[in-house]
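Here are some notes for a first look at this structure. Please keep the 3D view open while reading them.

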Amino acid sequence: MKDLFGKALLDYHNGNYSEDIITSTNISDEDELPLPYLFRGFKEMPKLEQKALKLVKGTILDVGCGAGSHSLYLQEKGFQVKAIDISKGAIEVAKNRGVIHAEVKNILDETDTYDTILLLMNGTGIFQELVQVSKYLTHLKSLLKPSGQILIDSSDIKYMYEDEDGGFWMDAHSNYHGELDYFLSYKDEKEVPMKWLYLDFDTLKLACDTVGLNCELVLNGEHFDYLAQLAL
Ligand SMILES: C[S@@+](CC[C@H](N)C(=O)[O-])C[C@H]1O[C@@H](n2cnc3c(N)ncnc32)[C@H](O)[C@@H]1O
């Protein structure tokens, strides 16, 4: 990984903002990811994220914290938060913004237990592909205190396969429709292609059943997105 995501966050944080991140997928054209969005305050957050931040309790793990926007908000509210991300640049930015406990770490290497685990901005993305969902959920479950919760958001991206006539062009023989190849570029450099998973609620619930997690729908968003609460 070249950590172009982290490089972009560092540029923005250091006052060198001139371009946004460009993303695309195997089923969609190029799109801009505006850097200011990654530094959003509570008021700029989608309702699903605001709801998640209102539901937190106890000690918190913010997984894939990025620039640390959720962690900062919660820390200011008096919560004890640990923020982790695999991006070195993201963690540098989160620390410089004031996140006290921020660490470069893959979620699969985390071992402490928490009352609340947050995975926001398509939290299921880090599972990468359907076949890995049980592994990640089982690990996340092991990080929960007895009455703990996981708050995670995602979307059913079936709408991305809809053609102008309202029909769907999904290939029945291909993989699960939420498994995408994700491409990111920044300032003319291309990141190593990644896998990124969008999970519809029913599929997430089914996966939770198989690993012994209770999965409740908390809120539907405005565009096929949702917030779920997982617990023991
Ligand atoms: C879409 S960004 C979301 C950032 C932040 N949560 C936000 O809402 O602004 C996803 C983040 O997850 C991080 N990430 C991806 N896989 C990870 C893993 N296995 N463990 C920890 N962080 C991961 C990425 O580096 C990236 O910063």
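1. Start with the sheet. Seven strands build an open sheet, in the order E5-E4-E3-E6-E7-E12-E11. The pairing is mixed. Bear in mind that this is a predicted model.

2. Look next at the edges. Strand E5 (101-104) is at one of them, and strand E11 (214-220) is at another. Each has a single partner strand, so one side of each is left without a neighbour in the sheet. On average, neighbouring strands of this sheet are turned by 20° against each other, direction ignored.

3. Strands in a sheet pair through backbone hydrogen bonds, parallel or antiparallel. Strand E7 (residues 144-155) and strand E12 (residues 225-231) take the antiparallel sense, with seven bridges. Which residue of E12 stands opposite Ile152? It is Ala228.

4. Now turn to the ligand. How many residues surround the ligand? There are 17, and the closest are Arg40, Gly64, Asp85, Asn106 and Ile107. By class, the shell holds nine nonpolar, five polar and three charged residues.

5. Asp85 places a polar side-chain atom 2.6 Å from an oxygen atom of the ligand. Ile107 uses its backbone instead: an N or O atom there lies 3.0 Å from a ligand nitrogen atom. Leu120 also has a backbone N or O atom by a ligand nitrogen atom, at 3.3 Å. The ligand on its own has 600 Å² of accessible area, and the protein covers 89% of that.

6. Last, find Trp196. Trp196 is in strand E10 (residues 194-197). Leaving aside residues up to four places away in sequence, Trp196 touches Met121, Asn122, Gly125, Ile126, Gln128, Gly178, Glu179, Leu180 and Tyr182. Phe168 is 28 residues from Trp196 along the chain, and their C-alpha atoms are separated by 21 Å.

How values were computed. Residues are numbered from 1 along each chain as its sequence is written. This is a predicted model: local features need pLDDT of at least 70, side-chain atom pairs count only at pLDDT 80 or more; totals for chains, interfaces and linings use all residues. Side-chain values use heavy atoms; hydrogens and water are left out. Two strands pair if DSSP finds at least two bridges between them. Helices (H or I, at least four residues) and strands (E, at least two) are DSSP runs, numbered from the N terminus. Axes are lines fitted to C-alpha atoms, for helices over the stretch in contact, and angles run from 0 to 180 degrees between N-to-C directions. A residue is near a molecule or strand if one of its heavy atoms lies within 4 Å of it. A polar contact is a pair of N or O atoms within 3.5 Å; within protein, one must be able to donate a hydrogen and the other to accept it, and residues adjacent in sequence count only if both atoms are side-chain atoms. Accessible areas come from the Shrake-Rupley method with a 1.4 Å probe; for residues, only the protein chains shown count as cover. Ala, Val, Leu, Ile, Met, Phe, Trp, Tyr, Cys and Pro count as nonpolar, Asp, Glu, Lys and Arg as charged, and the others, Gly among them, as polar. Contact means heavy atoms within 4.5 Å.
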